[in-house]
Amino acid sequence: MGRNFKKKVTPLLLTAPANFWLWAFFTIPLISILWLSLTTGNTLDGFTLTWNFGIYPDAVSQYSEQFGRSFLYGGISTALALIFMYPVAYWIAFRGGKYKAIFLFLLLLPFLVSFIIRILTWQFILADNGIVLSALKDIGLVSQNAHVLSTPFAVIAGLTYDNLPWMALPVYVALDGIKRDQIEAASDLYASGYQRFRTVILPLSAPGIYAGILLVGISSVGDFLSAQILGGPSTTMIGNIIQTQYVQNQNYPLASALSLVLMVALLAFVVLYGRFFGSKTLKEFAG
Amino acid sequence: MSADDSKMDSGGHARRWPWTRFLLPVYVFVIMLYTMVPIAVMIIYGFNQAPNRRLTFAWQGFTTEWYQHLFDIADLTSALVTSIEVAVISSIIAVILGVPAALALARRRFFGRRIMDLTIITNLTAPTVVVGASLLGFFVTISLARGIGTIIIAHVAVSVAVVIIIIQARLASMDESLEEAAQDLGASPWIAFWKVTGPLISPAIFSAFMLSFALSIDDYIITSFVNGQTLTFPLWVAGAVKVGIPPQVFVLGTLIFVVGVVIAAATLVLQSRSNRKLKAEMAPADDWHV
C-alpha cells in the first residue's frame, strides 16, 4: 500500500507549486474579472457587485469599431506573415542543405531585438522625413506631404513584422519534419512539382500553418503597442482601449468587460477554426 | 537529405518548376533582407548624431558618442537593471515550479491532470492584454500594491506554462526505459532524476530558462498593467516616445542584440555537437529532434 500511495501522491506534490501559481495568478484573476465587470463604483469608494449585465452590450456597441479593427488588422497581418514566411521556411527546410541551421538562425534574428525597439524602428523607417519617404520624395515618386505613420498601413506593418518569427518557427518545424521518402514516393508516382506540393507537402505542413496562424493571430489581435507607437487616433485597437480604461481611467468594470469579450471572441475563433480548418483541411488534403 | 534532393532531380521525373529554381530563392532573399532592415536601423541610428540628445528621423552624421555615454541616463539604466532583475528572478522561479510539474505530466497519470493541461493551454493561448488586465483587476481586488513584486508574479504566471511545455516535449521524445533501468538497479526516483533524467533534460531546462528570460525582458503588454510606479526597459522606452528617443536606447538594444547573437550561436554549436555525440553513442535510436 505504501508504494501505491506514494505513486498517487508524488505527482500531486510535484505539480502542486506550479498549479498553485497558475490558479492564483492566472485562472482566478481571469474568473475574478467576470465579477469585476458586473460591479459599479469607483476607486475611492470601492466597487460593489450590482450584477450590471448591461455593461456587456454597452461595451460591445460602444467599441464595436475598435473590435472590428483589431480583427481586421490582426487578420491581415497574420495572412501577410504566412505569405512572407511559408516560402522562406520551405526553402530553408528543403534547399537549405548543410547551412539550414544558419539560415534558420538568420530568420529568427529579429527575436533578439527587444519587442519595443522592433516597433520603434518602424517609426524611423516610415516617418515623414525617415529613410523611405524622404528618398521617395527626393526622386518625386510621392508627393511632398505624403505620410504613412498614423495610417492603418503603418500599424499593420508593425504588427506583421513583430510576429514574423512566431509564424516562421512552427511552419519550419512542420516542413522540416516531412520525411523525404514521402516526397520521393510522390515523385515516383509521376507527380508534378505542383501536385507534389499540393498533395504531400502542403497537407503535411498544415499543423505548422495552423499553429502559426493561432500564435500570430492571437498576439496581433490583442496587441496595442504597434497602434500606440505607429498609429493615430483613427487606428485605435481594442487593446489600446482596454489599457487606457484600466490603467488611466481606472474604469475597471468596463475594462474587465472588454477583456472578457475579447478573450471569448478569440476563444470562439480558436475553437471554430480548430473544428473547421484544423481537422478538415488535414483530412481533405490527405484524402 | 541533399543527396535525396539531387537523386530526385536527376531521376528525370518531377523536375523543379522554374519558379522554385529561380523565383523562390529571389523571394527568400528579399524577405530575409526585409527582416534585417529594422535590425540595421537600430544599429545605424545608435551612431547618429543628436544635438538635443534625442534622435531625429533624419541622419545627422556619424558619432560614437552614445557608446561612450552609454549609462548617462540614470532612469534608463535603472529601468534596464530592473528588467534584468525581473527576468532572472522570474525565470528561476518558473524553472523551479515548471520542471517537477513537467516530470509529473510527462510520466504519470494522476487526478487533476486534464484540468492542468487545459489550464496550461488556455494560459498559452490567452491574449497577453487579457492576462495583464485580469491580473491588474485581481491585484486591485485583493489590494496588493503594484511594483516589482507584481511584475515578477505576472511574468512567472506566463513563463511557467512555457517551461512546462518545453520540458514536457523533451521528456516525451526521450526513452523512459533509461529511468526505469536506473530504478531497477536500485536507484530511488530522486537519485534517478539527479543521475539520469536531470542531465538528459538539462539542455531543455537551459532553453526553457532562456526563453522565459527573453519573454520577460521583452514584455511590454502585461507589465504595463501591473507595474505601478516601477519602470522596466520597454516601459521606459515607450514613455520616451512622446518626447523623443535618446540614442542610448538603440545602443543598448544593439548591445543586447549582440549578446543574444553570441549566446544563441554558442548554444547552436554546443547543441549540434552534443547531438552528434548522442547520435554516435546511441546509433540505433536515430531521429533526435531537438
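## Helix packing and chain contact in a two-chain model

In chain B, helix α8 (residues 177–184) packs against helix α9 (residues 189–218) at an angle of about 130°, and their axes lie 9 Å apart. Because angles over 145 degrees count as roughly antiparallel and 65 to 115 as roughly perpendicular, α8(B) is oblique to α9(B). The crossing in which α8(B) passes α9(B) is right-handed. On the α8(B) side, the contact is made by B:Leu178, B:Glu179, B:Ala182 and B:Gln183, which meet B:Pro189, B:Ala192, B:Lys195, B:Val196 and B:Thr197 of α9(B). Sorted by class, this contact comprises five nonpolar, two polar and two charged residues. The model is a predicted one, and the values in this report are to be read accordingly.

The crossing of α4(B) and α7(B) is right-handed. The residues of this contact fall into 22 nonpolar, seven polar and one charged.

| Helix pair | Angle | Axis separation |
|---|---|---|
| α8(B) and α9(B) | about 130° | 9 Å |

Regarding the contact between the chains, 76 residues of chain B touch 76 residues of chain A. On the chain B side, helix α2 (residues 18–45) gives the most, with 14 residues. That side of chain B consists of 55 nonpolar, 17 polar and four charged residues.

The overall composition of each chain may be described next. Chain A holds 12 helices and two strands, and its elements follow the pattern α-β-β-α-α-α-α-α-α-α-α-α-α-α along the sequence. For the 287 residues of chain A the globule rule gives 19 Å, whereas the radius of gyration is 24 Å, well over that value, so chain A is more spread out than a compact globule. Taken along the principal axes, the C-alpha atoms of chain A fill a box of roughly 85 × 75 × 35 Å. Buried residues account for 45% of the 287 residues in chain A. Of the contacts in chain A between residues at least 6 apart in sequence, 70% link residues at least 24 apart.

Chain B contains 12 helices and zero strands. Buried residues make up 36% of its 290 residues. Among contacts in chain B between residues at least 6 apart in sequence, 76% join residues at least 24 apart.

A:Ser150, which is not a glycine, has a positive phi of about 75°. A:Ser150 lies in the loop between α6 (131–138) and α7 (152–176) of chain A. With 16 other C-beta atoms within 10 Å, A:Ser150 is partly exposed, since 20 or more would count as buried and 12 or fewer as exposed. In chain B, B:Arg53 also has a positive phi, near 65°, and is a residue other than glycine. B:Arg53 belongs to the loop between α2 and α3 (65–68) of chain B. B:Arg53 has 14 other C-beta atoms within 10 Å and is therefore partly exposed.

Terms used. Residues are numbered from 1 along each chain as its sequence is written. Chains are lettered from A and ligands numbered from 1 in the order in which they are written. This is a predicted model: local features need pLDDT of at least 70, side-chain atom pairs count only at pLDDT 80 or more; totals for chains, interfaces and linings use all residues. Two residues are in contact if their C-beta atoms, placed from the backbone, lie within 7 Å. Helices (H or I, at least four residues) and strands (E, at least two) are DSSP runs, numbered from the N terminus. Ala, Val, Leu, Ile, Met, Phe, Trp, Tyr, Cys and Pro count as nonpolar, Asp, Glu, Lys and Arg as charged, and the others, Gly among them, as polar. Axes are lines fitted to C-alpha atoms, for helices over the stretch in contact, and angles run from 0 to 180 degrees between N-to-C directions. Angles under 35 degrees count as roughly parallel, over 145 as roughly antiparallel, 65 to 115 as roughly perpendicular and the rest as oblique. A crossing is left-handed if the near helix is turned anticlockwise from the far one by less than a right angle, and right-handed if clockwise. The radius of gyration is taken over C-alpha atoms; the globule rule is 2.2 Å times the number of residues to the power 0.38.
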